[in-house]
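Trainee: I have a model open and want to learn how to read its features. Where do we start?

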Amino acid sequence: MGKRRGERELLRGLSKKQKRHLREFGEEHPFYDKVLLLLLLHSCFPFQTENSDKSSAESDSETEVEQVSVYHKLLATLKTSPESESEEEEDESESEEAGESETEVNSEGSQETGEADGGEEDKNDVPDQEEVTATAEQTLGQERADGTDTSCDPSHGVIAEFTDVKHESEFSLETNFMEEESGDCNADKRDSNPFKQHMDKELEEKEVEKMSTLPKTSSQSKWPRLGQLTFSSTLEKHKTLKADKEVDVKQLYLHKPLESTWPKVNKQFLSSVNKPSDPSFTPLQRELFCIMNTYRDLFYPERNALTNGEEIRHAYCLHALNHVLKANGQVLSNNAKRRDQKPGTDNDDYRDQGLTRPKVLMIVPFRECALRIVHIFISLLEVNDKRKIDVSNKKRFKGEFGSDPEEKPPNLKRPEDYEAVFAGNIDDHFRIGVAILQKSMRLYAPFYSSDIIIASPLGMRTIIGAEGEKKRDFDFLSSIEILIIDQADIYLMQNWEHVLHLMKHINLLPLDSHGVDFSRVRMLNLNNWSKYYRQTLLFSALQDPQINSVFNKHCFNYVGQVAIRNVPLNGSISHVVVQLPHVFRRLEAENLTSVVDTRFQFFIDKVLPEYRDAIMSHTLIYVPSYFDYVRLRNYFKKEDLNFTHICEYTKKAGVCRARRFFLKGEKQFLLFTERFHFYKRYTIKGIRNLIFYELPTYSHFYSEICNMMKTTDNGVDATWTCTVLYSKYDAQKLAAVVGIDRTAQMLQSKKNVHLFVTGEN
């Protein structure tokens, strides 16, 4: 009884959002780190005994295969963001970092004493990911595409996911007709309307075969704002697209209400510098929308949450909403024509739909992003204050996707880019269907009645499911015409496999008809050619081989692709403010698949022996990959090296101990993962020697980690060292750190490169 009473006391301090996340996953979100495992065991897993959970927690063997409960395996498969400290703990950590080093040691030491009951440091890490791969395929995908999660069944102690079923008839495309005043005045101008040009193009089998077999031809162009562009296509060489210096909204063939609402909605980004003839777009938006409106695929790897993130979001929201309004307007207009035609007549001119209704899929990392997108949609649809649109379930949406200002203490100190990325509700497991019909918007629409689906990669993964599962559904992805993947770099820090899994299941023939009228289905959908008409818009903060691979291998648009390929002139090394030598050590790998093993062998044979001496204490090893981290951790334990470690799964007590041991010099090495730094941005004090096991994914992390050395200025900066391992396959990351000119020299030379940075240069 005492244990249950304690659980109830802990629950009283949680918000509705935290309680819902706790019921679904058995843990709070990574930003709030009070994990109530026993609560889930009682409510969702009654068969799991306390002893089995305790025995799993008491296992301290990390070099051998760790034995975990079914519950822990389930948790591991659902985690796409690291489990970390609570906000109160972060607040304490920041206060410690503001004081002297010795003060930090004392405060962390006392904190550790109060949490020592949590077990030893080694117990804080989640089991290796390889152990739960099989379980992931069995546990994910237990949800249906109508928005109801089987994993959230009341029998399991979790509330079912809400979907709006009351407004089905009001938002049905089959039973509604076009209102004259809301029609698209340009709908019938096929020669000039980009939407009609793209969707009405009839491909021939020879062209489809050519796109499947022949390589793409490419051409280069330079635009004033975007910079270096690469145009590629398999079909006939298209005319090189030129940037419009000025754009008239009326020439963009926007749907009727958007022409008047867009200038007002976008006014916040415009400055007095804008030309009177182009009052609606910023220079960046103008060039991006110029490409979007031609229905080419687009990859823009220079999205910045601080500077241009919201500009880009508004631009692609305008394009997506314009597409949906035009598509629905065409269907409603044809409904009226079919109603007026004589019975028994058959006409192929009314093929205006896909096999399923969803047309736009928007992938975003957090609920806050979905909230902002919906707000933009509402603003674009409201012509003026007197003509408000009817939004169903708006209050519920704000409650579930909004954030409580009291949940995050206001005195936390983090970099500006961190605050911009993690603003608002940062829950990463969600999806919502949006239906739009003339003057109304329906939130929480069932997927097969939605026009737009907004979801996170994890939210889509749990619906799509895994091969072999009985309850899985991805038919609603069969007729997606625009795919928008925003902030793709964040998915590298979550779980990139979810993105790849989504790309494998989009634009496939559905397994069920779902009540479609085949006389209205476009021939391109019946021929299973949807992927050749799908436009993919990919936005990222960086260029990465995995992101490039998705754009190159999963985008088949017949119009072609456009990728921005600017090279960094000055790398992030110029932002290092401490004086220390940078040694870049090149390793030779036969091919890309052998790089992982070659790097590990190079490190233990040539790099690590130089740091085994006691004089080389306070050595931090920065490891971007969790799998490399596990491999190094097991090797260090096997060799009985004096080390400690922090990863994204380390509990707060373990983090405090590791930082204290490292600062006082009780541990010579500290293994430190990139994902932990991404989600926490703690300042690690006591670093004298720094080893980048691999170049960081985010180039600015390089200067951030190097600049941590200035926090322990004890007059011994002459002994500071920085060693970086790289191969020829790291060209993009290397250029982002040292600049394109130095990268070319380093890749041509097989010798180690020594750079000495003296403050900002």
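Mentor: Start with burial. Buried means under 20% relative accessible area. Keep in mind that this is a predicted model.

Trainee: Then is R681 buried or exposed?

Mentor: R681 has 8% relative accessibility, so R681 counts as buried.

Trainee: Which side chain does R681 meet in a salt bridge?

Mentor: The general idea comes first. Side chains of opposite charge can pair when their charged atoms come close. Here, R681 meets D417 in a salt bridge, at 2.9 Å from N to O. This pair links distant parts of the chain, 264 residues apart. D417 sits in helix α16, and R681 in the loop between α25 (674-680) and β16.

Trainee: How many salt bridges does a search of the whole structure find?

Mentor: The search finds 24 salt bridges. Take D427 with R367: their closest N and O atoms are 2.7 Å apart. They too link distant parts of the chain, 60 residues apart. D427 is in the loop between α16 (416-421) and β6 (431-437), while R367 is in helix α14 (residues 367-381).

Trainee: Why do D427 and R367 count as buried?

Mentor: Apply the cut-off of under 20%. D427 has a relative accessible area of 7%, so D427 is buried. R367 has 6%, so R367 is buried as well.

Trainee: What about R522: which residue forms a salt bridge with R522?

Mentor: R522 pairs with E481, with the closest N and O atoms 3.2 Å apart. The two are 41 residues apart and link distant parts of the chain. R522 lies in the loop between α19 (496-504) and α20, and E481 in the loop between α17 (457-464) and β9 (482-485). R522 is buried because its relative accessibility is 5%. E481, at 8%, counts as buried too.

Trainee: Which residues are linked in a network of salt bridges?

Mentor: R303, E310, R313, E368, R372 and D486 are linked in such a network.

Trainee: And R414: where does R414 lie?

Mentor: R414 lies in the loop between α15 (394-401) and α16. R414 has a relative accessible area of 11%, so R414 is buried. Also look at T683. The C-alpha atoms of R414 and T683 are separated by 9.9 Å, although the residues are 269 apart along the chain.

Trainee: Now the rings. How many aromatic pairs does a search of the whole structure find?

Mentor: The search finds 33 aromatic pairs. One of them is F299 with F551, which is tilted: 5.6 Å centre to centre and 40° between the planes. This pair joins distant parts of the chain, with F299 in strand β3 (residues 297-300) and F551 in helix α21 (residues 545-553), 252 residues apart. F299 and F551 are both buried.

Trainee: Which angle lies between the planes of F672 and F676?

Mentor: The angle is 80° and the pair is edge-to-face, at 5.7 Å centre to centre. For that label, planes must be over 60 degrees apart. F672 and F676 are buried.

Trainee: Which charged residues lie over the face of F556 and of F661?

Mentor: K531 lies over the face of F556, at 4.6 Å from the ring centre. K667 lies over the face of F661, at 5.8 Å from the ring centre.

Trainee: On to strands. How many residues of strand β17 are buried?

Mentor: In a regular strand the side chains alternate between the two faces of the sheet. Now take β17 (residues 721-726): five of its six residues are buried. Strand β12 (residues 580-586) runs parallel to β17 and is joined to it by five bridges. H582 has C722 as its bridge partner in β17. Strand β16 (residues 689-692) also pairs with β17 in the parallel sense, over four bridges. There, I691 has T723 as its bridge partner.

Trainee: Last, the surface. Which residues form a nonpolar patch there?

Mentor: F518, M523 and L526 form that patch, with about 270 Å² of accessible area together. M523 lies in helix α20 (residues 523-526). M523 has a relative accessible area of 43%, so M523 is partly exposed.

Notes. Residues are numbered from 1 along each chain as its sequence is written. This is a predicted model: local features need pLDDT of at least 70, side-chain atom pairs count only at pLDDT 80 or more; totals for chains, interfaces and linings use all residues. Side-chain values use heavy atoms; hydrogens and water are left out. Patches are made of residues with over 30% relative accessible area and no salt bridge: like charges are joined within 9 Å, nonpolar side chains (Val, Leu, Ile, Met, Phe, Trp, Tyr) within 5 Å. Accessible areas come from the Shrake-Rupley method with a 1.4 Å probe; for residues, only the protein chains shown count as cover. A salt bridge is a side-chain nitrogen of Lys or Arg within 4 Å of a carboxyl oxygen of Asp or Glu. Buried means under 20% relative accessible area, exposed over 50%, partly exposed in between (1.4 Å probe, protein chains only). Rings of Phe, Tyr and Trp (its six-membered ring) pair if their centres lie within 6.5 Å; planes under 30 degrees apart count as stacked, over 60 as edge-to-face and the rest as tilted. A charge sits over a ring if NZ of Lys or CZ of Arg is within 6 Å of the ring centre and within 35 degrees of the ring normal. Two strands pair if DSSP finds at least two bridges between them.
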